[in-house]
Amino acid sequence: MQDEDQRLVARVLASRPPDAVRADFVARVNARIDATEGAGWFALADFRTWTLRLAPIAGALVLVGLLWTPASPTTESPATASPAQPSQAQAFTPASASDWQRDVTANALLEAAFDRMGDSGAR
Amino acid sequence: MDPDRALVEAAAGGDRDAFDELVRRHQAAMITLARVLTGGRGDPEDLAQEVFVRAWRSLRTFRGDSAFRTWLHRVAINVVRTSHAKQGRLRRLFHDEPPPDPPSGEEPLDAALARRQAIDRALAALPDDLRVAVTLRDLQGLDYKEIAAALDVPVGTVESRIFRARQKLKPLLAGLLGEG
C-alpha cells in the first residue's frame, strides 16, 4: 500500500507541466556572460574597485598606527614615568643605589636616608 | 556515458556555440528547479541564467567525475541557496515581508497552469531538504546516485528523504492523485 502511494505521488509530480522558456533565454545568458567577463577586465583598470578593495587594509593600518606607539625614552612624558624611580637627572650616590637593593637591611636603609638628608641639608 | 560530454569538452575549450547548445538542453530543467526550490520567492528565470553563467565560469574545473547534468544541478542548488541567504538577510533588514500568496483556485487558469501551481504549492510546504531531494528525483529525473552526488550525502539519506517527502505530499496532492 505504501509503495503504491509512493508511486502515485511520484507519477503526479512527474506530470508537472514544464515551465515555459523565453525564446531569448540563450541570448540573455550570453549577454550576462559577456557583461561579467568584460567587467572582469575593466575592473582591473577601475580605480574605484581598487580603492574599495584597499579600504579594509587602509583601515587596519590606521588602527595599528593609532594603537601602537613606540616606547622610547625621549618621547616618554614626565607624567607617565614611574614616580618611584629616581630621575636620571638626579646624581647617582651610593645612598640612592642602596634604596633599590632588595637585600638591604632596615638599618642600612635608615642610615642611607639620613645620610641623604644630611647631604641636602649641607647643600 | 554522459550525453553532454562532447559539448562540455568543446565548451571548456572556449566554444560558445557548444555552450549555447548545453544551455538549450538544460534551460527548462534549470528554470523548473529554480522555481520549485525558491517556493515562489525570487525570479526563477534570473536564477537559471545565473546558474549558466556560473557553469560557464567553472567549466574548466569540471573534471567529468559525474555527468554534466548532475554537476549543473549542484551548481543550481548552490545558486539558489546563496540567493535564499541573501534574500533572508534583506528581509531581516527591512522587516520580514510574507512570501507572495500563491494564486487562489478562483482565478481562471488553464488546466496545465493550475496543475503546475498545485504541485508547486504542495512542494513549497515541504522542509527544504525533502523538497530538494524529491524535486531532483520526480521532477528532474535524476537517479538516487546522481542526487547523492549533487547533494553530497549518502544514497541512504536520499532514499529516506524522498520516501518522507512523498508521504508528506500525499495529502497535499489529494486533488490530483485521482487524476493520475
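**Close-ups of a predicted model**

**View 1. One cavity turns up in this structure.** Counting those of 30 Å³ or more, the structure has one cavity. Keep in mind that this is a predicted model. The largest cavity holds about 70 Å³ of space. Around that space sit B:L37, B:I77, B:V80, B:R81, B:H84, B:D128, B:R131 and B:V132.

**View 2. Here is what chain B brings to the lining of the largest cavity.** Two helices of chain B, α4 (68–93) and α6 (128–139), each put at least two residues into the lining. With four residues, α4(B) gives the largest share. Sorted by class, the lining of the largest cavity comes out as four nonpolar, three charged and one polar residue. Both domain 1 (1–96) and domain 2 (107–180) of chain B take part, each with at least three residues in the lining.

**View 3. Over on chain A, there's a nonpolar patch on the surface.** The patch is made of A:V62, A:L63, A:L66 and A:L67, and together these residues have about 460 Å² of accessible area. One of them, A:L63, belongs to helix α3 (residues 47–67) of chain A.

**View 4. A:R7 and A:E4 pair up in a salt bridge.** Their closest N and O atoms are 3.5 Å apart. Why are A:R7 and A:E4 separated by about one helical turn? Because the two are three residues apart in helix α1 (residues 2–14) of chain A. Over all chains, the structure has 21 salt bridges.

Notes. Residues numbered from 1 in each chain as written. Chains lettered and ligands numbered in written order. Predicted model: local features only at pLDDT ≥ 70, side-chain atom pairs only at ≥ 80, totals over all residues. Heavy atoms only, no water. 1 Å grid on protein atoms, 1.4 Å probe; cavity = no way out; pocket = protein on both sides within 12 Å on 5 of 7 lines; lining within 4 Å. Points joined across faces, edges and corners; volume = space filled by probe spheres on them. Nonpolar A, V, L, I, M, F, W, Y, C, P; charged D, E, K, R; others polar. Domains from an automatic or database assignment. Patch = residues over 30% accessible without salt bridge, like charges linked within 9 Å, V, L, I, M, F, W, Y side chains within 5 Å. Areas by Shrake-Rupley, 256 points an atom, 1.4 Å probe, with all protein chains shown as cover. Salt bridge = Lys/Arg side-chain N within 4 Å of Asp/Glu carboxyl O.
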